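Reader: Hi, I have a protein model open and would like to talk through it. Could we take it one piece at a time?

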Amino acid sequence: MVTFREASVDEASAHSLLAEYFAARAEGFPEDQGQYQTTFPDPANFVPPQGVFLVVEGEDLAGDAADVGCGGIRVLPSDESSVVRYEIKHLWLQPHLRGRGAGRILLAELEARARQFGATELVLDTNVSLEAAGGLYRSSGFEEIEAYNSNPNATTWFRKQLAQLSTAD
């Protein structure tokens, strides 16, 4: 079982998880795509309601309580006034947690937080080499779109339109 805690991206445990994430991405980055470019996120982008960064709390390989993953959302400007766009960033779990549903739970939690902030659309970018991530996004209702940013590490971009919640009874 995993739980979540809000953290600043520059908090020691969050920074450590991001460093693990970036190191893993750099190690597995396809050679034909050049060198993976690491950019630690700006903490100001992950402060509610502009965004949030979550640390995933679970168990390490020995079964002890540990921080085992992370992910965040941040608001992005949109060309349309009726669209409130949030971007999912740095969704990552330590390898021993993968394939157990924790990624889907984290993605759902980030979507729920975005909805609470008023999001009408979620976007994200990924790399084609991350097949499991692409599968998770597709099976969670995300559709491929044209590039919305110039992330040099990305090859694939996704969007999920969120239904407006009615306030009328």
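Predicted model: local features only at pLDDT ≥ 70, side-chain atom pairs only at ≥ 80, totals over all residues.

Reader: Which residues are linked with R5 in a network of salt bridges?

Author: The network links R5 with E11, E57 and D67. Within it, R5 also forms a salt bridge with E57, where the closest N and O atoms are 2.8 Å apart. Since E57 belongs to strand β2 and R5 to strand β1, this pair ties together parts that are 52 residues apart in sequence. R5 is partly exposed at 23% relative accessible area, and E57 is partly exposed at 27%.

Reader: How many salt bridges are there in the whole structure?

Author: A search of the whole structure finds eleven. Another of them joins the side chains of R85 and E121, at 2.5 Å from N to O. R85 sits in strand β4 and E121 in strand β5, so here the parts tied together are 36 residues apart in sequence.

Reader: Why does R85 count as buried?

Author: R85 counts as buried because its relative accessibility is 18%, and buried means under 20%. E121 is buried as well, with a relative accessible area of 4%.

Reader: Changing topic, how much space lies in the largest pocket?

Author: About 1,100 Å³ of space lies there. The lining is made up of 41 residues, and Y21, L91, L130, A133 and Y137 are the ones that lie nearest the centre. By class, the lining residues divide into 20 nonpolar, twelve polar and nine charged.

Reader: Which element gives the most to that lining?

Author: Strand β4 does, with seven residues.

Reader: What about H90, where is its place, and is it buried or exposed?

Author: H90 has its place in strand β4, and it counts as buried at 11% relative accessibility. Leaving aside neighbours within four places in sequence, H90 is in contact with several residues, including L18, Y21, F22 and F53.

Reader: Last one: how much space lies in the second largest pocket?

Author: About 200 Å³ of space lies in that pocket, and its lining has five nonpolar, three polar and three charged residues.

Conventions. Residues numbered from 1 in each chain as written. Heavy atoms only, no water. 1 Å grid on protein atoms, 1.4 Å probe; cavity = no way out; pocket = protein on both sides within 12 Å on 5 of 7 lines; lining within 4 Å. Points joined across faces, edges and corners; volume = space filled by probe spheres on them. Helix = DSSP H or I, 4+ residues; strand = E, 2+ residues; numbered from the N terminus. Nonpolar A, V, L, I, M, F, W, Y, C, P; charged D, E, K, R; others polar. Buried < 20%, exposed > 50% of the residue type's maximum accessible area, 1.4 Å probe, protein only. Contact = heavy atoms within 4.5 Å. Salt bridge = Lys/Arg side-chain N within 4 Å of Asp/Glu carboxyl O.
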